[in-house]
Amino acid sequence: SVTVLPGVGPSNARILERLGLRTLRDMLYYFPRRYDDYSLMKPINRLSYGEELTVIGTVERVNVRKVRSGRSKIVEIILTDGSGALKVNWFNQTWVAKRMRVGMQISVSGKVEQYLGRLTMNNPEWEYLDQKQLNTQRIVPVYPLTTNMTQRRLRRLMDQVVSYWAPRVLEPLPGELRESAQLVDLPTALKQVHFPDSWDEVDQARHRLAFDEIFLLQLGVLGQSRSWKSRAGRQFFVSDEWVTEQLGRLPYTLTGAQHRSLVDIRQDLASGSPMNRLIQGDVGSGKTVVAGLAVGMIVHTGAQAAIMAPTSILAEPVSSTHLRAHET
């Protein structure tokens, strides 16, 4: 439980639970939604329109003004860093003004916009400046938050969990598989995705974690397939003569791909195991006739078949006379 962490009692545990964080494993797999790179900070006088980045500075002025006949309010601050000043706005978020103080150092993250020839930021994310992170010039994680939880506080908790527990996570993949897929080990991936040493480390960590997710999903699919195929099913046999006769009734000759699909389906139906097969092809490539021949094999052996048609064209009603003629 997260309550084993120093400073996390029942009250803080309830706050973390709102983020879905109940265990230390939950925290290890609670990944940042973005990063602030303190090693690539730009001074305000070098900002360009359209950039999305993080700016640090000192709050020089805080103002709240009404617009639209008093129905809306804008929080305006002037942020300076010695090289220039940036106007930052928040619309209908007056609580921001209550947390701002002149002289306070903050970081704001968002898109640089322009109004009346002056660069601005509108509704950026912001937080109090973490001097420790700034001094180390690191790439800093930014996590999804909830009420009564700040970035600084959550980062501190994450640092406790990741630094101690990530190296102790067992590696489930054999070395030869990791080497062939060019994967970093899981403890390294978990550490670097939270507190990366470089952007290359972020990419490698994400690659490993994405691989795990897809790999486990594929294992689940293969497990279901194995379980499905282990069941006993009815066998459906049709003779070569019957198949040749049905193909001779068609006004055209099947393509090679259609023939191969038909052979696969015929083998599946005769195997005694349930069939679970997908026929893939472009519109008009002839999937429906293959499905129709498969239905014919089932009906010929005295069983029933059903066709679910998702389109109005395929679902158009067919007369019973036509059906009888087709069966004969």
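How many residues of the lining of the second largest pocket are nonpolar, how many polar and how many charged? In this predicted model, the lining divides into nine nonpolar, nine polar and seven charged residues. The space inside this second largest pocket comes to about 500 Å³. Its lining is made up of 25 residues, and those closest to the pocket centre are Arg-99, Trp-126, Glu-127, Leu-145 and Gln-151. Several elements give two or more residues to this lining: strand S1 (34-37), helix H3 (95-99), strand S5 (105-115), strand S7 (125-128) and helix H5 (151-165). Of these, S7 gives the most, with four residues.

Salt bridges come next. A search of the whole structure finds 14 of them. Some are joined up: Arg-33, Arg-34, Asp-36 and Glu-125 are linked in a network of salt bridges. Others can be followed as pairs. Lys-42 forms a salt bridge with Glu-51, and the closest N and O atoms of this pair are 2.4 Å apart. Lys-42 has a relative accessibility of 26%, so this residue counts as partly exposed.

A further salt bridge brings together the side chains of Asp-240 and Arg-266, at 2.5 Å from N to O. Asp-240 lies in helix H9 (residues 240-248) and Arg-266 in helix H10 (residues 256-270), so this pair ties together parts that are 26 residues apart in sequence. How exposed are the two partners? Asp-240 is partly exposed at 48% relative accessibility, and Arg-266 is also partly exposed, at 25%. The side chains of Glu-245 and Arg-249 meet in a salt bridge too, with an N to O distance of 3.3 Å. Here Glu-245 is partly exposed, with a relative accessible area of 42%, and Arg-249 likewise counts as partly exposed at 42%.

Asn-92 is found in the loop between strand S4 (85-91) and H3. Is Asn-92 buried or exposed? The relative accessible area of Asn-92 is 52%, and a residue counts as exposed when this value is over 50%, so Asn-92 is exposed. Leaving aside residues up to four places away in sequence, Asn-92 touches Arg-71, Ser-72 and Lys-73. Gly-7, by comparison, is 85 residues from Asn-92 in sequence, and the C-alpha atoms of the two are 34 Å apart in space.

Note on methods:
Residues numbered from 1 in each chain as written. Predicted model: local features only at pLDDT ≥ 70, side-chain atom pairs only at ≥ 80, totals over all residues. Heavy atoms only, no water. 1 Å grid on protein atoms, 1.4 Å probe; cavity = no way out; pocket = protein on both sides within 12 Å on 5 of 7 lines; lining within 4 Å. Points joined across faces, edges and corners; volume = space filled by probe spheres on them. Nonpolar A, V, L, I, M, F, W, Y, C, P; charged D, E, K, R; others polar. Buried < 20%, exposed > 50% of the residue type's maximum accessible area, 1.4 Å probe, protein only. Contact = heavy atoms within 4.5 Å. Salt bridge = Lys/Arg side-chain N within 4 Å of Asp/Glu carboxyl O.
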